[in-house]
Amino acid sequence: MPSKKPTNPPRAPISTGLTRGDAPMEIRQRPYAQRTTNHNRPARPSRPANVYPHKRSSNRPSTNRQLSRELDERLVELQALFDVSKTLNSSLHLKSILDTLLLTPMGKMMVGKGLVLLARGEKRFVIETVKGLQQTHIGREIMIDLHEPSILVLNNEEGGGAWSAYLYKLGLQLIVPIIANNKCLGLMAFGRKQSGQDFTPGELEYLNSLANLAATAVENGMVFQELREVNRRLDKKIQELNTLFDIGKELNSTFDSDKIASVLAYALMGELMVQRCGVFVEENDRLLLQVNKGLAPSPLFADAEFLQWLRKLKEPYFFKKSKLELSPREPEWSEQLAAAGGVVLIPITSQEVVRGVLLLGEKITKGEFGQEEIEFASTLANTAMISLENARLFRETIEKQRLEEELAIAREIQQRLLPKAAPKLTGYEIAAINIPTHQVGGDYFDYFPIDSNRYLLTIADVSGKGIPAAIIMSNLQATLHALMTAEVPIDQIVARINNFVYANTTADKFITCFIAVLDAARNTLTYVNAGHNPPYFFNENGAANGGFRLLDKGGLLLGMFPGARYQSETIELQSGDWVLMYTDGVSEAKNAGDEDFSERRIEAVIRERLAAKDNSATTMIDAITSEVRRFTAGEPQSDDITLLSLHYRQTNAA
Amino acid sequence: MNGFEVMRVDNGEVSVLRIKGFLDAHTASDLEREIQRLLDQKRFKIVVNFRDLTYISSAGLGVFMGFIEEVRGNKGDIKLTNMTPKIFRVFDLLGFPTLYEIRDDEQQALQSFNNQK
């Protein structure tokens with residue numbers, strides 16, 4: 001090392017600093033040449049490699065022999081330099097270029113330590129290779145501000161900026177810049193010579209020349225490395241695209257939500273090197289954890305407030321860092337998420353609405369997620385979300401089809417239960433109609449002979465719709481047919497049916513029912529009304545004046561109150577008597593204004609028809625149904641419409 | 001869909017899975033099942049031989065990610081062998097060589113397991 005202390009002020013102040021925000025510092029070393037020679041001949045990097053100024057100045061050889069020997073030495077050195085240069089330029093591999101660049105002078109001058117820093121941005125240098133030092137220094141970033149780079153010798157730790165102190169501490173004291181086209185590509189730094197001697201001016205010139213010769217190779221190596229980096233990034237993009245295609249293909253070939261979510265999780269885990277991944281997906285207006293790979297179970301995953309909060313996420317949320325403060329419980333959630341193994345939440349959106357959320361664990365490399373990686377995860381998840389939505393639509397379609405089929409079955413059951421044709425009885429006319437809704441309600445009517453003179457007439461409304469209602473209805477029919485005999489009074493039969501329905505249905509199932517027995521020989525009608533809309537009883541001569549009677553004797557609806565008792569009533573029929581039974585689908589048919597058709601309108605139709613004096617049970621029913629249609633004017637029918645009409649007119653024969 | 005097959009050969013404590021065909025999002029679950037079966041049987045020393053694998057996707061790699069912690073947590077490992085350059089490139093691109101032991105052939109992987117004893 002040079003023994004003289006610097007006497008002149010620095011020729012070029014160099015401000016420097018290590019990374020982590022150190023303020024640039026002024027360095028007070030002077031260029032080596034200025035301090036070590038008397039000739040004030042700075043070792044400028046631009047100097048041609050074959051110029052050795054010190055030889056031509058003070059140490060001029062005294063004899064020809066000496067001169068010849070020194071020239072030979074120079075030639076050998078030059079040859080060595082060109083050899084190195086050739087080696088350097090024959091490779092594009094930056095690391096091997098830098099290794100050669102370090103090892104050659106270290107070998108020649110017997111130096112034990114060295115490293116190369118390359119410029120990687122504004123004042124930013126990165127240690128690329130080291131010799132005789134811990135490999136861990138590689139990759140370290142150092143901020144160095146060089147205005148006019150030249151060979152420097154560091155005398156002590158305090159003398160320079162943070163960067164020079166850092167190098168000095170590593171035992172590196174000689175700094176040689178690598179310069180191409182007036183741009184500093186990097187720095188070589190060397191430790192002491194093993195001999196303990198200072199570097200001679202000749203050696204410094206040698207290093208300078210080597211640095212100049214190597215500069216092009218280093219620059220090429222850097223460009224090549226950059227190209228390789230770009231290529232690798234492109235390859236990575238292609239790999240990402242492959243993944244997207246691959247996933248897209250798979251996602252579109254299945255409607256199994258679990259499989260879709262699982263494929264998404266694995267693709268992300270492979271692509272991002274993540275070991276834990278959870279996918280929350282919206283279902284019925286709630287977010288649910290659809291798949292969990294590697295996350296510890298947490299009560300948080302079912303916490304309604306948390307899941308609600310997730311739906312407000314608009315951007316990736318690194319819950320250890322960001323505080324969106326959408327909820328006061330966030331700190332608690334962050335802790336729980338971290339405990340479960342998560343790091344970042346990424347919203348999955350479709351048409352800008354959050355449909356799901358990804359929860360990713362940390363990368364196995366412990367590195368941070370890059371912007372591109374988060375974007376990739378987002379893209380992949382959004383793609384998967386489309387498939388998940390398709391799967392949901394598919395399930396819904398299937399479910400709808402299943403319901404349609406069920407409805408078709410229910411409709412068939414119901415239609416089979418209804419009698420095909422009304423009985424023909426002298427003096428009596430019976431007509432009925434059932435207009436089921438699309439949903440298939442629970443209306444039922446029936447008429448069948450009990451014996452030669454007596455007929456059962458009934459109208460009923462079973463609670464509920466669809467197959468369950470159809471089944472209850474079919475049970476009611478079977479029970480009626482089985483129990484109805486001439487010997488047992490109908491109030492007792494109804495009481496038994498009530499107990500039977502109660503015993504065989506759940507609490508929410510019940511039947512309102514009007515059961516009547518027509519005795520065509522005695523012209524009587526005996527009925528029990530079990531909670532059904534009371535049928536109208538009227539005589540065609542009196543009704544026009546408002547003479548309706550409601551047939552409301554009986555008791556409670558069937559199937560709700562075990563042991564209920566029922567009353568019956570017997571009416572003697574006169575010529576011109578009518579009985580009109582209906583279900584609430586008629587009286588509660590609604591118009592666009594949500595108004596009920598109501599009993600009032602039923603009665604109005606009856607009066608109108610009777611006034612027309614041209615009546616049959618069929619025309620009466622038709623008149624009511626067409627009036628209901630007119631009233632509802634295309635509004636969807638909400639319930640079955642069922643009507644049963646009995647008309648008695650004494651014939652001449654009787 | 002392209003086929004994927006897993007053949008398992010147990011060699012002492014070590015189980016070798018020789019995988020064949022396309023390991024993509026579709027077939028990843030087959031490999032998942034096979035590895036899960038090994039873990040259920042408490043076999044944590046696993047060698048996966050890629051000799052006859054023609055394609056691997058990220059989802060395939062994801063399966064390895066999904067198990068490695070549990071496997072290593074049970075003093076085992078998943079070692080990978082016989083990768084074609086094409087397969088290795090995918091592993092390399094995604095940075096797997098720093099985390100997984102990748103060997104030239106099964107024998108080397110088995111030996112490295114044996115040396116750990």
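Student: Which residue is the bridge partner of Cys277(A) in S13(A)?

Tutor: This is a predicted model, in which local features need pLDDT of at least 70 and side-chain atom pairs count only at pLDDT 80 or more, while totals for chains, interfaces and linings use all residues. Residues are numbered from 1 along each chain as its sequence is written, chains are lettered from A and ligands numbered from 1 in the order in which they are written, and side-chain values use heavy atoms, with hydrogens and water left out. Strands S9 (residues 277-283) and S13 (residues 353-361) of chain A pair in the antiparallel sense over five bridges; strands (E, at least two residues) and helices (H or I, at least four) are DSSP runs numbered from the N terminus, and two strands pair if DSSP finds at least two bridges between them. Within S13(A), the partner of Cys277(A) is Leu360(A).

Student: Why is one side of S10 and of S11 of chain A left without a neighbour in the sheet?

Tutor: The open sheet holds five strands of chain A in the order S10-S9-S13-S12-S11, with antiparallel pairing. S10 (286-293) and S11 (317-318) of chain A stand at its edges, so one side of each has no neighbour in the sheet, as each has a single partner strand.

Student: At what angle to S12(A) does helix H9 of chain A run?

Tutor: Helix H9 (residues 330-340) of chain A lies across S11, S12 (342-350) and S13 of chain A. Axes are lines fitted to C-alpha atoms, for helices over the stretch in contact, and angles run from 0 to 180 degrees between N-to-C directions; contact means heavy atoms within 4.5 Å. Relative to S12(A), the direction of H9(A) makes about 105 degrees.

Student: What is the average twist from one strand to the next in the open sheet of chain B?

Tutor: The chain B sheet has five strands in the order S1-S2-S3-S4-S5, with mixed pairing. Its edge strands, S1 (4-11) and S5 (101-103) of chain B, each pair on one side only. From one strand to the next, the twist averages 25 degrees.

Student: Which residue of S3(B) stands opposite Gly21(B)?

Tutor: Strands S2 (residues 14-23) and S3 (residues 45-56) of chain B run parallel and are joined by nine bridges. In S3(B), the residue facing Gly21(B) is Leu53(B).

Student: What angle does the direction of helix H3 of chain B make with that of S3(B)?

Tutor: Helix H2 (residues 58-73) of chain B packs on the sheet through S2, S3 and S4 (77-81) of chain B, its direction making about 140 degrees with that of S4(B). Helix H3 (residues 85-93) of chain B also packs on the sheet, where it touches S3, S4 and S5 of chain B. With the direction of S3(B), H3(B) makes about 110 degrees.

Student: Which helix gives the most to the lining of the second largest cavity?

Tutor: With four residues, the greatest contribution comes from H11(A).
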